[in-house]
Amino acid sequence: RDTGIALRPRGRPSPGALTAPVDQIIERYRNGESVATIASTMGVSPNTVRNRLIDAGEQLRPRPGWKR
């Protein structure tokens, strides 16, 4: 990054991370499923689902209990 701080590399991807269909993730998320539920049923981490949604330009819902 521009700040000159070295970042650690990302962690090892989960086994299904490379094959998780982004269109299916987006559709399920838009239908109201949580990131955690989608991740659990697809065999990937919630961070993988979150990253796929962000990379696709999807607006994430606020997390329950978090005040913005």
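Mentor: A residue is called exposed when its relative accessible area is over 50%, and buried when that area is under 20%. These terms are applied here to a predicted model.

Trainee: Which residues are exposed on the other side of helix 1?

Mentor: The buried residues of helix 1, which spans residues 22–30, are Ile25, Ile26, Arg28 and Tyr29. Seen down the helix axis, these buried residues fall within an arc of 165°, so they line one face of helix 1. The exposed residues on the other side of helix 1 are Asp23, Glu27 and Arg30.

Trainee: What covers the buried residues of helix 1?

Mentor: The residues concerned are Ile25, Ile26, Arg28 and Tyr29. Their cover includes two further helices, at residues 35–42 and 46–55, namely helix 2 and helix 3.

Trainee: Is arginine 28 buried or exposed?

Mentor: The side chain of arginine 28 meets that of glutamate 33 in a salt bridge, at 2.9 Å from N to O. Glutamate 33 has 26% relative accessibility and therefore counts as partly exposed. Arginine 28 has 17% relative accessibility, and the cut-off is under 20%, so arginine 28 counts as buried.

Trainee: How many salt bridges does the structure hold?

Mentor: One of them joins glutamate 33 and arginine 28. Glutamate 58 forms a salt bridge with arginine 30, with the closest N and O atoms 2.9 Å apart. The number held by the structure is 2.

Trainee: How many residues apart in sequence are the parts that glutamate 58 and arginine 30 tie together?

Mentor: Glutamate 58 and arginine 30 form a salt bridge. Because glutamate 58 lies in the segment after helix 3 and arginine 30 in helix 1, the separation of the parts tied together is 28 residues.

Trainee: Against which helices do the buried residues of helix 3 pack?

Mentor: The buried residues of helix 3 are Thr48, Val49 and Leu53. Seen down the axis of helix 3, they fall within an arc of 130°, so they line one face. The face turned away from this buried side carries the exposed residues Asn47 and Asp55. The buried residues of helix 3 pack against helix 1 and helix 2.

Trainee: Which glycine takes a positive phi just after helix 3?

Mentor: Just after helix 1, glycine 32 takes a positive phi of about 105°. Just after helix 3, a positive phi of about 85° is taken by glycine 57.

Notes
Residues are numbered from 1 along each chain as its sequence is written. This is a predicted model: local features need pLDDT of at least 70, side-chain atom pairs count only at pLDDT 80 or more; totals for chains, interfaces and linings use all residues. Side-chain values use heavy atoms; hydrogens and water are left out. Buried means under 20% relative accessible area, exposed over 50%, partly exposed in between (1.4 Å probe, protein chains only). Helices (H or I, at least four residues) and strands (E, at least two) are DSSP runs, numbered from the N terminus. The arc is that of the directions from the helix axis to the C-beta atoms. Contact means heavy atoms within 4.5 Å. A salt bridge is a side-chain nitrogen of Lys or Arg within 4 Å of a carboxyl oxygen of Asp or Glu.
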